[in-house]
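Subject: Structure for your files

Hello,

Here is the structure I said I would pass on. My notes on what was found in it follow below.

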Amino acid sequence: NNTANIVLIQNESRDEKIGGFASESWSKNKPKCGNQSCFLFNMSKNMRFDAIKGKGFYQFCPNLGCIKFGETDLVLDEDFRKCSSEVENFFSCGFNNYKNKEGEKGEEKAMKMDNVLAGKKNFKPGLIEVWVL
């Protein structure tokens, strides 16, 4: 079943709601999946982190107790008891299609920021909800 879903996490240490949209179902049979319609979000700060184009996958399920958006961008590990986030490899909060100092359109770039999604790299999840769409 290739159903999209939304993962919603209450970040207990910062009282924020963060999460991600997964374009495909998570599966141990297909550990790397997802397309560039995946995105991450921080509902408390009204922030969205779109997929950086050109990656081979955007969702990663290395084992039954772990799901990832990107490699390190949002990780739910140890059966969702341990979470971490470093937005840097697969998702970005913008600044695409910039112009260089000569005013010419530059190649597509994305601003990469550590810890901006959850506030710090490791955080304690409170409530976690997964919504199948």
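A residue is called buried here when its relative accessible area is under 20%. By that cut-off, 44% of the 133 residues of the protein are buried. Please keep in mind that this is a predicted model.

The protein has 12 strands and 0 helices. Its accessible surface is about 7,600 Å², and carbon and sulfur atoms account for 48% of that area. Of the contacts between residues at least 6 apart in sequence, 53% join residues at least 24 apart.

An open sheet is built from 6 strands, with antiparallel pairing, in the order β10-β5-β4-β2-β1-β12. Its edges are β10 (91-92) and β12 (125-132); each has a single partner strand, so one side of each has no neighbour in the sheet.

Strand β1 (residues 5-11) has 6 of its 7 residues buried, so the rest of the structure largely encloses it. Strand β1 pairs with β2 through 7 bridges, in the antiparallel sense, and Ile9 has Ile18 in β2 as its bridge partner. The hairpin of these two strands has 4 residues between them, and Asp15 there takes a positive phi near 50°. Strand β1 is also joined to β12, again antiparallel, by 6 bridges; here Leu8 is partnered by Glu129 in β12.

Strand β2 (residues 16-22) in turn runs antiparallel to β4 (residues 39-42), with 4 bridges between them. Phe21 lies opposite Phe39 of β4.

Regards

Conventions: Residues numbered from 1 in each chain as written. Predicted model: local features only at pLDDT ≥ 70, side-chain atom pairs only at ≥ 80, totals over all residues. Heavy atoms only, no water. Buried < 20%, exposed > 50% of the residue type's maximum accessible area, 1.4 Å probe, protein only. Contact = heavy atoms within 4.5 Å. Areas by Shrake-Rupley, 256 points an atom, 1.4 Å probe, with all protein chains shown as cover. Pairing = 2+ DSSP bridges.
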